[in-house]
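Visitor: I am new to this structure and would like to learn how to read it. Could you walk me through it, one feature at a time?

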Amino acid sequence: MAQYTKHPVAAPPTAPERESTGHLLLRGYIILVLIVTFAHAAVYNLVGPYGAGIVLGAFLLATLGIGVPMLARKHPQPFAWRRLPWSAVGYTALALVSVAWSQWREATLITWFLLGAVTVNALFIAQVLTWREIVRALASAFKWILGLSLALELWVSLVLQHALLPNFLELPPGKIDPQWYWVRDNLFDGGRLQGIVGNANLLGFISLFAIITFGVLYAARVRWRTTLALWTLLAVFFLFRAASATAYVCAAAAVVVLVVALLMRRAATPGARTRIYTVAIGGALVVGTAAWFLREPLLGLIGRSADLTGRSNKIWASVIERWHHHPLFGNGFSSPWLPSDPAFAKWIKDHGIPVFHAHNMWLDVLMQLGVLGAILIAIAFLSLLWRSWFFAVDRPRWDLTSHRSYSPLTLLPSLFTVVLLVQGLTESTPIMLWGWMLLILLSFKLKTTPLLGVGERERVIERGERRRRVP
């Protein structure tokens with residue numbers, strides 16, 4: 001039985017941080033925020049655009065209600081204003097200022113609210129959780145999304161027995177384009193699965209992020225590894241059935257980066273690291289050049305056209321043409337493109353549906369915020385890539401001890417960053433919603449906590465993890 005002194009001078013006992021009910025509730029709330037952000041398309045399909053906006057606004061108010069008092073009490077630590085990801089914050093500010101010259105001001109204000117809400121939530125998560133808690137929260141969010149996706153696909157195939165429209169609308173079959181469906185009832189016929197997010201590409205990327213997260217947790221020898229392996233198999237199943245070519249390419253890039261990072265960890269001398277860098281960079285240039293010249297047969301192997309399913313000939317050409325009108329500061333922020341705005345409603349359509357983004361992060365930024373915005377985004381992602389890489393390959397050291405073991409968890413930021421950068425070549429998701437949340441969250445956390453295990457809260461949790469692993 002726990003005992004403590006009743007001496008009037010002694011402070012009353014407090015529960016350890018990892019056992020605090022309030023902290024457990026905080027982690028639960030953050031998991032809910034992550035679910036709503038990563039599966040925002042599911043919220044959109046469930047309650048419509050206005051309902052999705054209300055949900056996001058409610059979470060923003062809740063985050064401010066929780067975070068402002070914690071910030072005033074400097075709990076769990078003072079807010080590191082000087083370590084904010086300033087290039088990303090500058091991009092956010094430029095997006096708001098662009099309303100002054102925007103060609104679609106209403107869309108700028110509405111979508112900036114989305115950007116601002118995601119930014120605040122990301123900074124809040126990085127402030128109140130440790131690295132281990134962030135990885136666990138991501139894993140829990142991905143489990144909920146994958147589990148609900150499987151449940152929805154099973155319900156549509158076994159109970160409803162026909163495709164499902166957003167908002168559970170009922171229309172006669174065959175009257176609309178299949179692109180409008182939330183779930184297409186493809187679970188047992190071999191078609192592409194869309195899950196609760198209603199988009200096969202999004203489901204593929206969430207599955208890839210889930211595999212990375214589950215993998216680093218498994219390598220870190222957390223509890224319930226068998227259950228974690230089963231969740232990984234479900235994520236692999238969804239990644240395969242989503243049949244997203246971009247997700248497959250991102251997965252291949254993540255594997256290459258993982259192999260290079262592990263080799264760098266085993267390198268005993270600076271010369272060995274130099275040789276690994278030379279081989280890796282040279283090999284990447286050769287493979288990239290070969291893939292460019294052989295793009296047509298390679299894309300044909302995965303069932304894609306040489307113009308990347310209409311991206312280069314239709315979408316990218318139109319975006320570049322609009323960018324030429326305002327090359328320096330752009331036409332005004334709008335991520336995503338709002339189909340309710342006349343500037344986007346009849347501009348670019350795919351299967352009769354207005355396109356929501358440029359399917360290329362860099363072209364989207366150029367069109368919206370011009371060269372200045374592209375420079376800010378480039379600095380933000382390059383800074384994240386630089387910090388996350390050395391977070392993964394450098395041995396943790398904050399004192400004279402130079403032989404601490406590497407942690408598998410430190411691999412996650414660099415793998416996530418590489419996936420976002422490769423995805424940005426054919427998608428604009430890295431500058432919207434969960435892509436933007438990962439950029440802000442990882443950038444701010446790497447600047448405030450550049451080493452795993454630094455700080456009293458990190459050491460308390462580390463001791464707790466070590467005790468749980470002792471048989």
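Guide: We will go from the whole chain to single residues.

Guide: This is a predicted model, in which local features need pLDDT of at least 70 and side-chain atom pairs count only at pLDDT 80 or more, while totals for chains, interfaces and linings use all residues. Residues are numbered from 1 along each chain as its sequence is written, and side-chain values use heavy atoms, with hydrogens and water left out.

Visitor: How many helices and strands does the chain have?

Guide: Helices (H or I, at least four residues) and strands (E, at least two) are DSSP runs, numbered from the N terminus. Here the chain has 16 helices and two strands.

Visitor: What share of the residues counts as buried?

Guide: Buried means under 20% relative accessible area, exposed means over 50%, and partly exposed is in between (1.4 Å probe, protein chains only). In this chain of 471 residues, 48% count as buried. The accessible surface, found by the Shrake-Rupley method with a 1.4 Å probe and with only the protein chains shown counting as cover for residues, comes to about 23,400 Å². Carbon and sulfur atoms hold 68% of that surface.

Visitor: Which residues touch the most other members of the largest nonpolar core?

Guide: In soluble globular proteins, nonpolar side chains tend to be buried together. A nonpolar core is a set of buried Ala, Val, Leu, Ile, Met, Phe, Trp, Tyr and Cys residues joined through side-chain atoms within 4.5 Å. The largest one here has 128 residues, and those touching the most other members are Ile30, Leu34, Phe38, Tyr91, Phe142, Phe416 and Trp436. Helix α13 gives this core its largest share, 16 residues.

Visitor: What is Leu34 in contact with, beyond its neighbours in sequence?

Guide: Contact means heavy atoms within 4.5 Å. Leaving aside neighbours within four places in sequence, Leu34 is in contact with Ile125, Ala137, Leu138, Ala141 and Met437. Across the chain, among contacts between residues at least 6 apart in sequence, 74% join residues at least 24 apart.

Visitor: How many aromatic pairs does the structure hold?

Guide: Rings of Phe, Tyr and Trp (its six-membered ring) pair if their centres lie within 6.5 Å; planes under 30 degrees apart count as stacked, over 60 as edge-to-face and the rest as tilted. The structure holds 18 such pairs. One of them, Phe38 with Trp434, is stacked, at 5.6 Å centre to centre and 15° between the planes. Phe38 is in helix α1 and Trp434 in helix α15, so this pair ties together parts that are 396 residues apart in sequence. Both are buried: Phe38 has a relative accessible area of 2%, and Trp434 has 3%. Phe344 and Trp347 make a tilted pair, at 6.2 Å centre to centre and 50° between the planes. Ring pairs also link Phe38, Phe142, Phe209, Phe416 and Trp434 into a cluster.

Visitor: Which side chains meet in a salt bridge?

Guide: Side chains of opposite charge can pair when their charged atoms come close. A salt bridge is a side-chain nitrogen of Lys or Arg within 4 Å of a carboxyl oxygen of Asp or Glu. The count by this rule is one salt bridge. Its partners are Asp394 and Arg273, at 3.1 Å from N to O. Asp394 lies in the loop between α13 and α14 and Arg273 in helix α9, so the bridge ties together parts 121 residues apart in sequence. Asp394 is partly exposed at 32% relative accessibility, whereas Arg273 is buried at 17%.

Visitor: Which residues form the nonpolar patch on the surface?

Guide: Patches are made of residues with over 30% relative accessible area and no salt bridge: like charges are joined within 9 Å, nonpolar side chains (Val, Leu, Ile, Met, Phe, Trp, Tyr) within 5 Å. Here Leu46, Val47, Leu154, Trp155, Leu158, Val159, Phe168 and Phe188 form a nonpolar patch with about 760 Å² of accessible area together. Helices α2 and α5 each give two or more residues, and α5 gives the most, with four.

Visitor: Where is the cis peptide bond?

Guide: Most residues other than glycine have a negative phi, and most peptide bonds are trans. The bond from Ser335 to Pro336 is cis, with omega near 5°. Pro336 is in the loop between α11 and α12. As for phi, Gln161 has a positive value of about 65° although it is not a glycine. Gln161 sits in the loop between α5 and α6.
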